[in-house]
Amino acid sequence: MGRDGRGWPGRPQGRSPGPRIVRHVHIDAIFRGIGSFCVRFRWLVLAVWVAGAIAAAVLLPALSSVTQSNNSKFLPASAPSEHAATLAAPFGTANLVPIPVVAARTGSQMTPSDVAALTGLRGDLGKVATVSKVLDLGRSPDGHAWQLVVLARQAGGSQSATTDLVDSLRSTISHAGLPAGLQAHLAGAIAVQVDQQKASGNTGNQVESYSALFIIVLLVLIFRSLTLALVTIAPAVFSVIISGPLVAEAAQHGLQVSPLAQYLMIVLVLGAGTDYGLFLVFRVREELRGTQHGQESYATSGFGGMLRALGRDFIHPRQPAREAITRSVVRVGETITFSAATVIAAVLTLLIASFPFYSNLAIPFAIALGVTLLAGLTLLPALLSLRLSLLAQKRTVFQRIFGKPKLLPWSIQGTGKPGTWGRIATRIVRHPVPTLVTGLVLFGGLAFAVLGYTASGFGGSTTPPAHSDSAAGQALLTSHFPQSSANPTSLIFRFANPVWENPAALASGTQKLMASGLFTTVAGPLNPAGAPIPPATFAALHAKLGRSTRPTAPPATTSARTGERCSTRSG
């Protein structure tokens with residue numbers, strides 16, 4: 001018995017470790033085949049990835065077009081609000097979404113021509129697809145504005161269908177020919193969500209751009225080479241471009257995607273892709289040092305010889321570069337694969353989460369990481385091979401023109417000797433206790449600070465993007481219809497007997513809601529437009545108007561229901 005190459009006892013002398021075998025499949029042979037293929041057919045590999053990115057961008061929907069800004073879409077069926085929606089079915093608005101339309105004239109009262117134009121606009125809005133009806137809520141108390149409410153069918157909850165609806169309503173308003181000085185805008189949660197969804201696409205592009213720029217700067221500092229930094233991050237960028245539309249296509253088949261998933265995917269893919277790239281790039285640098293890559297001859301005989309050398313480097317890499325990249329894929333391909341597989345398995349555990357907002361993050365993350373792994377094993381070796389060939393072409397030209405392959409005596413390959421981090425690692429290994437104590441104090445303090453964290457609500461943001469149409473509509477709604485501008489909460493009450501037989505219960509419930517201090521205003525059957533109706537008048541109106549159109553008592557299988565619409569306090 002002797003010691004192996006790493007100094008471990010127990011291995012017979014003269015025998016080197018054989019290839020790793022799993023069920024008679026040589027793992028090294030698999031990665032050697034991948035590396036050899038990607039280096040040999042590097043132009044084909046690059047063309048496939050470019051074509052895939054173009055096809056994904058052109059043929060598949062954009063991820064930002066399918067994100068759900070309405071967090072209620074992620075609520076489980078057992079949520080109280082979903083139960084309340086079931087109770088509200090007899091009101092006939094369960095599948096209708098309200099979209100306020102606010103028209104106003106700044107600094108003056110509404111004119112008869114304005115009212116006539118809005119009457120025509122109401123008819124035009126009613127002709128828009130999926131619109132059920134348009135309610136006229138009338139003039140504002142100051143006389144400067146008018147409010148319509150469009151009730152539209154939800155079209156299965158599709159975000160793209162909602163976007164099409166809002167775009168159609170805005171197009172109808174813009175072509176209505178309203179009098180000069182009269183402006184009309186959409187307001188409410190639906191219009192705000194559509195504008196937020198459109199803004200999220202721009203935000204996603206900004207997140208991707210700034211993240212990529214930050215990573216490139218770090219890679220330049222690490223590699224001291226801009227081209228190598230760009231090559232390292234390129235597979236991650238391709239992964240972002242391709243994985244987004246793939247997830248969007250899955251969303252077309254029922255997967256709910258939140259804007260948070262979109263942003264996290266960008267950061268996750270860029271981070272993981274760069275991490276996998278660092279594994280391979282550093283290994284290639286080590287292999288190039290072992291093959292004496294920098295000692296190659298770039299001398300050519302005449303101008304024709306230089307052109308032939310450039311052509312050979314264009315078609316295929318030189319032998320040292322090909323061997324270095326292939327061996328690197330063999331050495332680190334398994335590490336990259338199982339690292340990605342571990343992360344994919346971890347994110348897939350989100351599927352068991354009871355809250356759909358979290359369980360729906362699993363599939364997008366798994367798709368993105370799978371694409372990133374594929375790019376790291378195929379596209380990156382091909383790009384590294386192309387870069388080394390371009391570098392060889394440049395040195396061939398310099399050798400011919402300047403008489404030397406490099407103008408500056410600067411190599412990014414390094415010496416292979418331990419540097420600063422090597423010395424730090426050596427000290428940590430020799431003195432592990434101080435490092436352990438420091439880590440416990442630092443991370444323990446951060447963990448203790450989390451105890452003071454308070455989770456916020458899940459209602460989603462109701463603030464429209466700046467300078468959007470919904471922002472203008474919300475401003476008009478707040479200014480002229482303050483009761484409608486607050487965040488409304490619909491409360492569904494169920495009574496044993498018809499409410500018109502005992503309307504005093506409605507008045508008592510409204511008073512108790514106002515006395516709770518949780519709401520700024522309460523609108524219900526006794527004050528639907530803000531003006532109170534006495535309980536006796538409510539009963540008399542039902543006796544005169546309600547008997548001819550509806551029964552005096554609810555069906556035997558149901559109980560009478562009524563709804564209160566409350567505006568919650570903000571902050």
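**A friendly note on the fold**

1. Let us start with helix α15 (residues 469-480), which lies across β5, β7 and β8 and runs at about 110 degrees to β8. Contact here means heavy atoms within 4.5 Å. Angles run from 0 to 180 degrees between N-to-C directions, with axes as lines fitted to C-alpha atoms, for helices over the stretch in contact. Helices (H or I, at least four residues) and strands (E, at least two) are DSSP runs, numbered from the N terminus.

2. A word on the source: this is a predicted model, in which local features need pLDDT of at least 70 and side-chain atom pairs count only at pLDDT 80 or more, while totals for chains, interfaces and linings use all residues. Residues are numbered from 1 along each chain as its sequence is written, and side-chain values use heavy atoms, with hydrogens and water left out.

3. For an overview, the chain holds 18 helices and 11 strands. Among its 571 residues, 39% count as buried, that is, under 20% relative accessible area; exposed means over 50%, and partly exposed is in between (1.4 Å probe, protein chains only). Of the contacts in the chain with a separation of 6 or more, 79% are made by residues 24 or more positions apart.

4. Four strands form an open sheet in the order β6-β7-β5-β8, with antiparallel pairing. Its edge strands, each pairing on one side only, are β6 (131-139) and β8 (182-186). On average, neighbouring strands of this sheet are turned by 20 degrees against each other, direction ignored. Two strands pair if DSSP finds at least two bridges between them.

5. Strand β5 (residues 96-105) is joined to the antiparallel strand β7 (residues 145-153) by nine bridges. Good places to look are Ile 99, whose bridge partner in β7 is Val 150, and Val 102, which stands opposite Gln 147 in β7. With β8, β5 pairs in the antiparallel sense over five bridges, and there Ala 104 stands opposite Gln 183. Nine of the 10 residues of β5 are buried, so this strand is largely enclosed by the rest of the structure.

6. Strands β6 and β7 pair in the antiparallel sense over seven bridges, with Arg 139 opposite Trp 146 in β7. Their hairpin has five residues between the strands, and Gly 143 takes a positive phi near 80 degrees there. His 144 is also found in the loop between β6 and β7. Not counting residues up to four places away in sequence, His 144 touches several residues, including Ala 103, Arg 105, Ser 108 and His 480. His 144 and Ser 108 are 36 residues apart along the chain, yet their C-alpha atoms are separated by 6.1 Å.

7. Helix α4 (residues 112-126) lies across β5, β6, β7 and β8, running at about 160 degrees to β6. Asp 114 has its place in α4 and is buried, with a relative accessible area of 0%. Leaving aside neighbours within four places in sequence, Asp 114 is in contact with Arg 105, Pro 179 and Leu 182.

8. Mostly, α12 is covered, with 29 of its 41 residues buried. Just after α12, Gly 403 takes a positive phi of about 85 degrees.

9. Finally, the interior. A nonpolar core is a set of buried Ala, Val, Leu, Ile, Met, Phe, Trp, Tyr and Cys residues joined through side-chain atoms within 4.5 Å. The largest one has 65 residues, and Trp 49, Leu 63 and Leu 383 are among those with the most contacts inside it. The largest share of this core, 15 residues, comes from α12. Apart from this core lies another, of 25 residues, among them Val 97, Leu 121, Val 128 and Leu 148.
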